[in-house]
Amino acid sequence: TILGSLALMGVPVVFAGAVRAKGPVHLVVLHRHVLLEAIKDCVERAFFEPVGMSMQEAVRLLSTPLPQKGDPGTRPAHLGPNTGPPKKVSLKGQPLAGSFAAYCQRKGPYA
């Protein structure tokens with residue numbers, strides 16, 4: 001009874017192994033369209049109605065091309081542009097970072 005109920009609601013039923021009955025099995029085929037016709041005026045019909053996006057919306061969403069790496073405008077605004085790391089600045093003639101001389105500077109890269 002559970003397998004048929006799940007199948008009528010549209011849930012795919014897949015088993016990893018064989019299902020064997022312990023006793024006699026009474027098989028009745030109830031097609032989905034017949035069930036939906038029978039419960040067309042019932043409140044329970046909502047259980048059998050598909051929800052989510054329509055097929056046209058799914059096709060439209062899946063047919064849009066994915067952004068490629070390096071395309072302008074594909075990065076979120078808070079991440080900055082696709083320019084890579086900042087250019088290296090030459091610090092020749094400057095004191096070493098973390099030194100007392102760098103601490104005492106009023107201008108320069110460590111001020």
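How many helices and how many strands make up the secondary structure of the protein chain?

## Overall architecture

The secondary structure of the protein chain comprises four helices and zero strands, in a model that is predicted. Read from the N terminus, the elements follow the order α-α-α-α. Helix H1 spans 2-8 and helix H2 spans 32-38, with a loop between them, while helix H3 covers residues 55-63 and helix H4 covers residues 100-104.

The confidence of the prediction can be given for the chain and for its elements. The average pLDDT of the protein chain is 78, and 85% of the residues score at least 70. Among the elements, the lowest mean pLDDT, 64, belongs to H1, whereas the highest, 88, belongs to helix H3.

## Burial and surface

Of the 111 residues in the protein chain, 7% are buried. The accessible surface of the chain amounts to about 10700 Å², and carbon and sulfur atoms account for 63% of that surface. Among the contacts made between residues at least 6 apart in sequence, 12% join residues that are at least 24 apart.

Which residues form a nonpolar patch on the surface? The patch consists of Val 13, Phe 15 and Val 19, which together have about 270 Å² of accessible area. Val 19 is located in the loop that runs between helix H1 and helix H2, and this residue counts as exposed because its relative accessibility is 57%, where the cut-off for exposed is over 50%.

## Salt bridges

Two salt bridges are counted in the structure. In one of them, Lys 40 is paired with Glu 37, and the closest N and O atoms are 3.4 Å apart. Lys 40 has a relative accessibility of 49% and therefore counts as partly exposed.

The side chains of Arg 45 and Glu 49 also meet in a salt bridge, with an N to O distance of 2.6 Å.

The structure contains one aromatic pair. The partners are Phe 100 and Tyr 103, whose ring centres lie 6.3 Å apart and whose planes meet at 35°, so the pair is classed as tilted; planes under 30 degrees apart would count as stacked, and those over 60 as edge-to-face.

Why are Phe 100 and Tyr 103 separated by about one helical turn? The two residues are three residues apart in helix H4, which means that about one turn of the helix lies between them.

## The segment after helix H4

Pro 109 is found in the segment that follows H4, and with a relative accessibility of 46% this proline counts as partly exposed. When neighbours within four places in sequence are left aside, Pro 109 is in contact with Leu 91 and Gln 94.

Methods
Residues are numbered from 1 along each chain as its sequence is written. This is a predicted model: local features need pLDDT of at least 70, side-chain atom pairs count only at pLDDT 80 or more; totals for chains, interfaces and linings use all residues. Side-chain values use heavy atoms; hydrogens and water are left out. Patches are made of residues with over 30% relative accessible area and no salt bridge: like charges are joined within 9 Å, nonpolar side chains (Val, Leu, Ile, Met, Phe, Trp, Tyr) within 5 Å. Accessible areas come from the Shrake-Rupley method with a 1.4 Å probe; for residues, only the protein chains shown count as cover. A salt bridge is a side-chain nitrogen of Lys or Arg within 4 Å of a carboxyl oxygen of Asp or Glu. Buried means under 20% relative accessible area, exposed over 50%, partly exposed in between (1.4 Å probe, protein chains only). pLDDT is the predictor's confidence in each residue, from 0 to 100. Contact means heavy atoms within 4.5 Å. Rings of Phe, Tyr and Trp (its six-membered ring) pair if their centres lie within 6.5 Å; planes under 30 degrees apart count as stacked, over 60 as edge-to-face and the rest as tilted.
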